[in-house]
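Thank you all for making time for this.

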Amino acid sequence: MTRVFSGIKPTGHLTLGNYLGAMRQWAAVDQHQADAVFCIVDLHGMTVDHDPARLRRLTRQGATLLLAAGLDPELCTVFVQSHVDEHARLSYVLECVATDGEMRRMIQYKEKAAGERARGGSVRLSLLTYPVLMAADILAYGADEVPVGDDQAQHVELARDLAVRFNQRYGHTFVVPKATLPRVAARVMNLQEPTSKMGKSDDSGPGIVYLLDEPDVVRKKVMRAVTDSGREVVYDREGRPGVTNLLEILAACTGGNPESLADVHQSYGALKKDTAEAVVEVLRPVQARHKELCADPGYVEEVLRHGAEKARAMARPTVDTAYRAIGLLPPVAEPALNAAR
Ligand code: TYM
């Protein structure tokens, strides 16, 4: 059975981009068709200046929202990254396989490091090495497929490269994974700045729809979305980024096709109205389930406890194999020591 792994970072409140680009596919397709593993990657939430209490709060909220979005612990594994030591164990080994040039070429590193420096801050080393930890997340589970939005494709490519390089030098250990992107809405753009991604770590603002935004807030944000000069509704990412973003969001929410939706909308106003209502309807059940789950925190904790146990059992053998393959001596208490002599 295909193994699927994906993760989400608790660096801000989850957005419509996270939902349409990743979470919805995990709930609607992956957990039914594959042996699927989903993770709140809290270690990744410390690569820029962070507040410990907020990180804890967002980790719990992220896990609750994954369940609210339809992940079913009977069908898939849901857990918190820091509860499973294998991620950090493997990350160091992969740092010994990756090069600093590879890390410095990562687009997200370049953008985020430039942002930190422009604000006069320093850049944490973990921001540079973050894609290696992400590769460890994926490779520890032997994932065949990694369902992500378009912004993570380069990081999954790196995981592929590291798996191939490790296997060639130290013997076959890792499955070589591939990214799978959604058909539409692989990159939902900021409603106020349609040439930039809608990102949860950005300053909160009118251009970002959060999964827990009230319906009226969603309507207001979509109705005020920046559109382009011109009047006709045309699907054209380069020439009409604002309108194209709305068409993609509408298509993702209704299961339609963005080009055909362009044909049936005569004005920007009509398109915004339909998009706003479609987003409100998509978020309604998620928000209702989130409210129920918040009233039962013991259930969420139990899901995460059990998820971490399952995840540990899945990741441990692969990480142990990588340790042996790269030349680390097994601990004395293990019977394997005799075999290795
Ligand atoms: P993160 O937390 O930024 O985003 C989680 C998922 O949501 C997708 N996404 C989007 N898709 C479409 N449009 C958007 N505007 C948008 N914003 C976010 C992301 O592509 C992602 O799929 N490094 C990862 C987390 C991670 C991970 C992993 C993912 C850590 N380890 C292992 C897969 C496998 C990240 O920062 O995602």
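Is cysteine 76 buried or exposed? Cysteine 76 is buried, with a relative accessible area of 2%, where buried means under 20% relative accessible area, exposed means over 50%, and partly exposed is what lies in between, with a 1.4 Å probe and protein chains only. Before I go on, please keep in mind that this is a predicted model, in which local features need pLDDT of at least 70 and side-chain atom pairs count only at pLDDT 80 or more, while totals for chains, interfaces and linings use all residues. Residues are numbered from 1 along each chain as its sequence is written, and side-chain values use heavy atoms, with hydrogens and water left out.

Cysteine 76 sits in the loop between α2 (52-68) and β3, helices being DSSP runs of H or I with at least four residues and strands runs of E with at least two, numbered from the N terminus. Setting aside residues up to four places away in sequence, cysteine 76 touches Gln31, Ala36, Phe38, Leu71 and Lys310, contact meaning heavy atoms within 4.5 Å. From C-alpha to C-alpha, cysteine 76 and alanine 34 are 8.5 Å apart in space, although 42 residues separate them in sequence.

Serine 6, in strand β1, is likewise described as buried, with a relative accessible area of 2%. Its side chain reaches the backbone oxygen of proline 147 at 2.8 Å, which is a polar contact, that is, a pair of N or O atoms within 3.5 Å; within protein, one must be able to donate a hydrogen and the other to accept it, and residues adjacent in sequence count only if both atoms are side-chain atoms. Beyond its neighbours within four places in sequence, serine 6 is in contact with several residues, among them Trp26, Phe38 and Val148.

Now to the aromatic rings. There are 5 aromatic pairs, counted for rings of Phe, Tyr and Trp (its six-membered ring) if their centres lie within 6.5 Å, with planes under 30 degrees apart taken as stacked, over 60 as edge-to-face and the rest as tilted. Phenylalanine 79 and tyrosine 141 make a tilted pair, at 5.9 Å centre to centre and 45 degrees between the planes. Because phenylalanine 79 lies in strand β3 (residues 77-80) and tyrosine 141 in the loop between α6 and β4 (145-147), the pair ties together parts that are 62 residues apart in sequence. Phenylalanine 79 and tyrosine 141 are both buried, and ring pairs link Phe5, Phe79 and Tyr141 into a cluster.

What, then, surrounds the ligand? Of the 27 residues around it, Tyr130, Asp137, Asp151, Val188 and Lys200 come nearest, a residue being near if one of its heavy atoms lies within 4 Å. Polar side-chain atoms lie 2.3 Å from a ligand nitrogen atom in the case of tyrosine 130 and 2.7 Å from one in the case of aspartate 137. The protein covers 98% of the 700 Å² of accessible area that the ligand has on its own, by the Shrake-Rupley method with a 1.4 Å probe. The elements β1 (3-8), α1 (16-33) and α6 (125-140) each supply at least two residues of the shell around the ligand.

One backbone detail to finish: alanine 185 has a positive phi of about 65 degrees although it is not a glycine, and it lies in the loop between β5 (178-180) and α8 (215-223).
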